Amino acid sequence: MAEQYQVEGESAAEISASIEAGVLRGDWVSGAALPPVRVLAGSLHVSPATVAKAYQELRQRGVIETEGRRGTRVRSRPSVAVLRADLAPPIPAGVRDVSSGEPDVRLLPPLGPALAAVAAETGRPQGYASAVTMPELIEAARPRLLAEGVPVAGAAIAVTAGALDSIERLLAAHLRPGDPVAVEDPGWGGLIDLLAALGLRPLPVAVDREGMDPAALGEALRSGARAVVVTVRAQNPTGAAVSADRAAALRDLLGGHPDVLVIEDDHAAELAELPPHCIGPVTRSWGFVRSASKPFGPDLRIAVLAGDETTVARVVGRMRIGMGWVSTITQRLLLRLWRDPQVTELVAEAACSYARRRGALRSALLEQGVPAFGETGINVWVPVRDEAQAVGALRDAGYAVAPGSLFRIRSAPGIRITVSTLSDEEIPILAGAVAVAVRMSGAALPFR
């Protein structure tokens, strides 16, 4: 081993801590190969079983990954100890940030009236016995989902602390460390990091405008995928939306794998102008997640989870011995927001505003000869040949965009542009800068 890659320790815990410290310091670069178990064991004068246990601990913490013949390597993505904010280069003063992936806070509905109403109706603080999932919220959620075609007529419904919390609980209820999970590629970076934290193995599935590619999903299922996570619309980062035909094709495919857990993520919810085309329930275990963060505010941290009775019961049971419940104050607040016609109108206006901005940027880019993708949501995906060069060129031009490496496993390079705060005047200027950056980076690989 090179001197800067020296590992110390006599126990599995000491060895794993030494390697993780090196990764966090930057001594081990992303994708760097670790020594074979027997080689490192000989160097440290410990048994191969001790090194194997250290590597196992590092895999479970998301620091390293094993890729068959390629051996054991530092993850191409960071360990869970590294903040995601640390991955993107800092944004210099004066550079326009279109990388955040967040909604425009100016278009979020005001919470003051709803908070005042909740405070008035709640009265005295509640105790443990009365702090539970509110039946009123469940009763309001079911017809709301049914009206959009989400098949929850006979489903169980629970409340969780957001989309990622729902997905984590669903995966933990059915899977064990080492199990493979089919995920979109490119896809949500938070989900990819969650799989690493849970010790699960991602199986990348290609995405096109209509969502997961059936052939790629079929390959993942043949490779033993125990679960599939699908974004029904406003897919992050590409904006893909599952079409009715694609949903039918995926449903037919998954029908032959009844033991696979199917998770459908509807994080955009009311902000997506296209209806959700659901795949489940088609297998024995299914969960549909509707988050409130994008339309009503990221700080609400609440989502509705619908699914088969056994799956939802496992999630609820595990919550009872952990966080217990989602705050009834937050539940009452969401219920108030759902029932307020003025809030409904504001959310609809925000959805139209995002659609207009997204469409305008895509059109402006197309006029420059640059293909861009984004059927729904607040992001546009632009394929590029060289991400680093494109990101750097745009920064020099005054724009900070998100590099595709934050979202990719094996898919072709690209950049993500968040349109939520763009003004009409900015769009053609930004499109021109993107076109120059794309040309500088070379001919982009095609996006399906």
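Let's start with β5 and β6: they pair in the parallel sense, over six bridges. Strands here are DSSP E runs of at least two residues, helices are H or I runs of at least four, and both are numbered from the N terminus. Two strands pair if DSSP finds at least two bridges between them. In β6, the bridge partner of V183 is P204.

A word on the model. It is predicted, so local features need pLDDT of at least 70 and side-chain atom pairs count only at pLDDT 80 or more, while totals for chains, interfaces and linings use all residues. Residues are numbered from 1 along each chain as its sequence is written, and side-chain values use heavy atoms, with hydrogens and water left out.

Back to β5. This strand spans residues 180-185, and six of its six residues are buried. Buried means under 20% relative accessible area, exposed means over 50%, and partly exposed is in between, with a 1.4 Å probe and protein chains only. Both faces are covered. P180, A182 and E184 are buried on one side; V181, V183 and D185 are buried on the other.

How do we get from β5 to β6? Through helix α7, residues 189-197: the three elements make a right-handed β-α-β unit. Right-handed means that, with the strands pointing away from the viewer, the path from the first strand over the helix to the second runs clockwise. The loop between β5 and α7 holds P186. The peptide bond from D185 to P186 is cis, with omega near 5 degrees.

β5 also pairs with β8, residues 227-231, in the parallel sense over two bridges. There, V181 stands opposite A227.

Now the whole sheet. What is the order of its eight strands? The order is β4-β11-β10-β9-β8-β5-β6-β7, in an open sheet with mixed pairing. The edge strands are β4 (156-160) and β7 (211-212), each pairing on one side only. Helix α5, residues 135-146, packs on the sheet and touches β4, β10 (285-291) and β11 (303-307). Its direction makes about 115 degrees with that of β4. For such angles, axes are lines fitted to C-alpha atoms, for helices over the stretch in contact, and the angles run from 0 to 180 degrees between N-to-C directions.

V207 stands opposite M212 in β7.

Next, the core. A nonpolar core is a set of buried Ala, Val, Leu, Ile, Met, Phe, Trp, Tyr and Cys residues joined through side-chain atoms within 4.5 Å. The largest one has 73 residues. L171, V181, L217, V228 and F296 have the most contacts inside it. Take V228. Leaving aside neighbours within four places in sequence, V228 is in contact with residues including A182, M212, L217 and I263. Contact means heavy atoms within 4.5 Å. Apart from this core lies another, of 27 residues, among them A364, V384, A393 and I417.

P281 is in the loop between β9 (261-266) and β10.

Buried or partly exposed: which is A234, and which is R301? A234 is buried at 6% relative accessible area, whereas R301 is partly exposed at 42%. Phi of A234 is near 55 degrees, a positive value in a residue other than glycine. Phi of R301 is near 50 degrees, again positive in a non-glycine residue.
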